[in-house]
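Dear colleague,

Please find the structure below, handed over for your records. My notes on it follow directly after.

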Amino acid sequence: MGRIKKSVKQFQRLLDASENPYISIVEDGVAGSDVTEFVDSGSYALNAQLSGSIYGGWANNKISALAGEEKTGKTFFALSACAQFLKANTDGYIFYFDTERAITKKVCRGHGIDLERIAILGVATVEDFRTQVAKMLDNYLEQDEKDRMPIMFVLDSLGMLSTNKEMHDISEGSDKRDMTRSQLVKGAFRALTLKLGVAKVPMLVTNHTYAVVGSFFPTKDMGGGGGLKYAASTIMFLGKKKERTGTEVTGAIVTSTANKSRLTKEQTKTQLLIRFSSGLDRYYGLLPLAEEAGVITKAGKRWEFPNGKAAFETAINANPENWFTEDVLNKINEYAAKKFLYGSQFEEDSNDTDSST
């Protein structure tokens with residue numbers, strides 16, 4: 001027993017000698033790594049894909065990315081997350097770095113965002129973005145933790161950021177290719193990852209994708225080098241097709257593919273719906289999950305729910321709140337953990353639940 005106590009003291013003395021301000025004993029939780037809260041994406045199905053729970057979403061202390069070709073809804077999903085963040089945190093604020101000058105007062109209002117709690121920051125270069133966010137995070141971390149207001153960063157989009165060298169070359173009339181950008185992007189996210197984690201601040205980044213030339217199978221990759229690819233804990237690739245009611249195009253069905261995920265299984269796919277009239281449909285994508293879970297069954301073209309009532313999909317989608325009751329949602333949520341989390345994670349979550357009851 002005495003030897004164990006002596007070892008503990010030596011352990012602590014060596015930790016103190018490191019003078020590292022970010023030390024964590026794993027039993028107490030790993031500062032900057034453990035995810036304890038989530039930012040609702042606005043969609044139950046996307047939440048499940050991101051976190052293994054329909055009540056989860058984007059990790060609250062990680063860099064997450066939305067990637068896709070133009071007009072696949074990247075900005076729309078980013079703004080939906082902003083709206084949900086502000087709704088959940090009545091004293092929270094958003095810092096939105098807009099490189100495309102696409103965010104307007106009307107757009108924010110249309111997403112239900114509190115206009116007084118979101119700031120749009122125009123930024124042109126990777127260096128400016130890195131420096132500004134780092135300074136803000138340093139200032140934030142200097143405050144007592146109990147006094148910190150909830151904040152969230154968004155970069156929309158990484159692909160539009162230039163570099164100081166490129167800006168200089170343009171002003172000089174030089175058409176040399178900028179070979180520094182990839183390293184600058186990697187360095188920027190490397191510098192911000194730990195600060196964001198320790199501060200428990202989420203960052204959502206949008207980026208474009210391109211077709212990889214010469215690959216045997218059609219594949220896509222993100223632009224901007226490997227910096228975001230390595231730093232982001234979650235990368236969702238988005239693709240879309242038109243949603244029609246009869247012959248009229250009434251929205252877009254977006255397919256979200258987990259290109260990278262440290263929290264859930266990779267390469268899962270989820271379909272989401274953005275309606276032109278009402279925005280992101282919170283319930284779309286739950287029907288297939290509920291069927292897989294055995295919560296509902298399909299009889300012909302109608303879906304039968306646990307209460308014995310049945311309806312066509314169009315009727316369910318028109319009034320989803322009437323069909324997806326709290327009991328049904330909870331049963332779907334139990335299945336979402338099995339479907340999207342790795343086996344060891346699911347067992348951990350189950351044990352945590354058992355011990356708390």
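Phe-77 is buried, at 1% relative accessibility. Please note that this is a predicted model. Phe-76, by contrast, counts as partly exposed at 22%, since the limit for a buried residue is under 20%.

Aromatic contacts

The structure holds ten aromatic pairs. One of them is formed by Phe-76 and Phe-77, in an edge-to-face arrangement with 6.4 Å from centre to centre and 75 degrees between the planes. In the pair of Phe-305 and Trp-323 the ring centres are 5.1 Å apart and the planes stand at 45 degrees, so this pair is tilted. Because Phe-305 lies in the loop between β14 (302–304) and β15 (310–312), whereas Trp-323 belongs to helix α11 (residues 320–323), the contact ties together parts that are 18 residues apart in sequence. Both Phe-305 and Trp-323 are buried. They also take part in one aromatic cluster, together with Tyr-44, Tyr-55, Tyr-283 and Phe-324.

Two arginines are placed over aromatic rings. The charged end of Arg-302 sits over the ring of Phe-312, 5.6 Å from its centre.

Strand pairing

Strand β11 (residues 269–275) pairs with strand β10 (residues 248–261) in the antiparallel sense, over seven bridges. Within this pairing, Arg-275 of β11 stands opposite Gly-251. Strand β11 also runs antiparallel to strand β12 (residues 279–280), to which two bridges join it. Here Ile-274 stands opposite Leu-280, and a hairpin of three residues connects β11 to β12.

Backbone geometry

Most residues other than glycine have a negative phi, and most peptide bonds are trans.

- The peptide bond from Asp-156 to Ser-157 is cis, with omega near 5 degrees. Ser-157 lies in the loop between β6 (151–156) and α6 (164–172).
- Arg-101 has a positive phi, near 50 degrees. Arg-101 is found in the loop between β4 (93–98) and α4 (105–110) and is exposed, with a relative accessible area of 60%.
- Lys-200 likewise has a positive phi, near 60 degrees. Lys-200 is in the loop between α7 (181–199) and β7 (203–211) and counts as partly exposed, at 45% relative accessibility.

With kind regards

Terms used. Residues numbered from 1 in each chain as written. Predicted model: local features only at pLDDT ≥ 70, side-chain atom pairs only at ≥ 80, totals over all residues. Heavy atoms only, no water. Pairing = 2+ DSSP bridges. Helix = DSSP H or I, 4+ residues; strand = E, 2+ residues; numbered from the N terminus. Buried < 20%, exposed > 50% of the residue type's maximum accessible area, 1.4 Å probe, protein only. Phe/Tyr/Trp six-rings, centres within 6.5 Å; stacked < 30°, edge-to-face > 60°. Lys NZ or Arg CZ within 6 Å of the ring centre and 35° of its normal.
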